[in-house]
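Here is a walk through one structure, sheet by sheet and helix by helix. Keep the 3D view open while you read.

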Amino acid sequence: MELGQVLEALPAVTDPRVLVGTAGRDDAAVYRITDDVAVVTTVDFFTPIVDDPRDFGAIAAANAISDVYAMGATPRFALGLVAFPRDKLDSGLLEAMIGGGAAKLAEAGVPVIGGHSIDDPEPKLGYAVTGEVHPDRIVRNTGARIGDLLYLTKPLGSGVITTAIKRGLCRPPLERAVIALMTHLNREACAAMIAAGVTAATDVTGYGLAGHLLELGVGAEIELSSVPVLDGAWDLARRDVVPDGTRRNHAAVSQRVEWGNLEHAEQVMMSDAQTSGGLLVALPPDRARDFEQALAGAPYPPAHIGRVVDGPVRFSS
């Protein structure tokens, strides 16, 4: 069953103060409080994808905050969501997970002011994050215009690399690189895209780059050679070290995108399910240089990967 079918079970939202709800596939919900203030709320949690519990906590936090940044909003506070086996409470693992998440949230200026926990044999961690934005300045995943340039603010590859970690196939330098990528906040990228006059944005996460391009609701031309990918990820994809989510993504988007002459492994990488990925940003051509300059010194400088066109989403090598 598709997510859209599940959401159809929800009653229609008629409250005019709901500015962004379930009707679209935006990154967070938005609710107007006053003429000048709207709250932006999102929630995300998942099972461990790296071995170190503190790193896992930091990744879970950065991933949850990212949805608020993608909407052009400022995160204000968070509530923790924890599932953990009661018989392992003395292991120190839970404290490390929560500590890693709290430290990353503190880096973003976001206090954890509550939460909920349950006894579960499989650990899970995440956050409900609430932020604020002016109602007239909400950044949505729709709104891109033909001719806009498309940018990606982090390399791809976290899906295949974290799968390699789980299978014991990941070299330590590559593991450190993907952890650094996933724990990097999208805060500066958010500020830069707002200043540059962003027309649409989303963060690249579970649906992969191709899936999130489709969410923009416009056509796109993407140059494969311009799409940044972490060193080592291509080798894993060609060895079929691929998560199930990525395979499902590839099957789901392949009838809706034009792959051109991309090889199978290249198609898979463009469908790779990311965790705490970068922002996919659409900008007017005359403002793109401002965006590039604002992030020129960032750990992951923005990559110009293509442009918005009248037509399908299509890739070329």
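S8 and strand S11 (residues 279-283) run antiparallel and are joined by 4 bridges. If you want a spot to look at, find Ala201, which sits opposite Val281 in S11. Keep in mind that this is a predicted model. The pair belongs to an open sheet of 7 strands with mixed pairing, ordered S8-S11-S7-S12-S9-S13-S10. S8 and S10 are at the edges with a single partner strand each, so one side of each has no neighbour in the sheet.

Towards the S10 end of that order, S13 has partners on two sides. Strand S9 (residues 219-223) pairs with S13 in the parallel sense over 4 bridges, and Ala220 has Val313 of S13 as its bridge partner. Strand S10 (residues 257-258) also runs parallel to S13, joined to it by 2 bridges. There, Glu258 is opposite Arg314 of S13.

## Two faces of S13

Which residues of strand S13 (residues 313-316) are on the covered face, and which on the uncovered one? Val313 and Phe315 make up the covered face, while Arg314 and Ser316 make up the uncovered one.

H7 lies across strand S7 (149-152), S8, S9, S10, S11, strand S12 (303-309) and S13, and runs at about 145° to S13. How many of the residues of H7 are buried? The count is 8 of 8, so to speak a mostly covered helix. The buried residues are Gly208, Leu209, Ala210, Gly211, His212, Leu213, Leu214 and Glu215. After H7 comes Gly217, which has a positive phi, near 75°.

Now step back to the loop between strand S8 (200-203) and helix H7 (208-215), where you'll find Thr205. Is Thr205 buried or exposed? Its relative accessible area is 16%, and buried means under 20%, so Thr205 is buried. Leaving out residues up to four places away in sequence, Thr205 touches Asn63, His212, Asp272, Ala273, Gln274, Ser276 and Gly277. One of those contacts, His212, is itself among the buried residues of H7.

## The six-stranded sheet

There is also an open sheet of 6 strands, again with mixed pairing, in the order S1-S2-S3-S6-S4-S5. Strand S1 (18-20) and strand S5 (112-119) are at its edges, each with a single partner strand, so one side of each is left without a neighbour in the sheet. From one strand to the next, the twist averages 20°.

Within this sheet, strand S2 (residues 29-32) and strand S3 (residues 38-46) pair in the antiparallel sense over 4 bridges. Val30 is opposite Val40 of S3. Helix H2 lies across S3, strand S4 (74-84) and strand S6 (124-133), and runs at about 30° to S6.

## H2 against H3

Helix H2 (residues 53-70) also packs with helix H3 (residues 93-107): their axes come within 6 Å and cross at roughly 40°. The two helices are therefore oblique to each other, and their crossing is right-handed.

On the H2 side, the contact uses Pro53, Arg54, Phe56, Gly57, Ala58, Ala61, Ala62 and Ile65. On the H3 side, it uses Leu93, Ala96, Met97, Gly99, Gly100, Gly101, Ala103, Lys104 and Leu105. By class, that gives 11 nonpolar, 4 polar and 2 charged residues.

## H4 against H5

The axes of helix H4 (residues 158-166) and helix H5 (residues 172-183) come within 10 Å and cross at roughly 130°. H4 and H5 are therefore oblique to each other, and H4 passes H5 in a left-handed crossing.

Ser158, Ile161, Thr162 and Ile165 of H4 make the contact with Leu174, Glu175, Val178, Leu181 and Met182 of H5. Sorted by class, this contact has 6 nonpolar, 2 polar and 1 charged residues. As a general point, an α-helix has 3.6 residues a turn, so residues three or four places apart point the same way.

Technical notes:
Residues are numbered from 1 along each chain as its sequence is written. This is a predicted model: local features need pLDDT of at least 70, side-chain atom pairs count only at pLDDT 80 or more; totals for chains, interfaces and linings use all residues. Side-chain values use heavy atoms; hydrogens and water are left out. Axes are lines fitted to C-alpha atoms, for helices over the stretch in contact, and angles run from 0 to 180 degrees between N-to-C directions. Angles under 35 degrees count as roughly parallel, over 145 as roughly antiparallel, 65 to 115 as roughly perpendicular and the rest as oblique. A crossing is left-handed if the near helix is turned anticlockwise from the far one by less than a right angle, and right-handed if clockwise. Contact means heavy atoms within 4.5 Å. Ala, Val, Leu, Ile, Met, Phe, Trp, Tyr, Cys and Pro count as nonpolar, Asp, Glu, Lys and Arg as charged, and the others, Gly among them, as polar. Buried means under 20% relative accessible area, exposed over 50%, partly exposed in between (1.4 Å probe, protein chains only). Two strands pair if DSSP finds at least two bridges between them.
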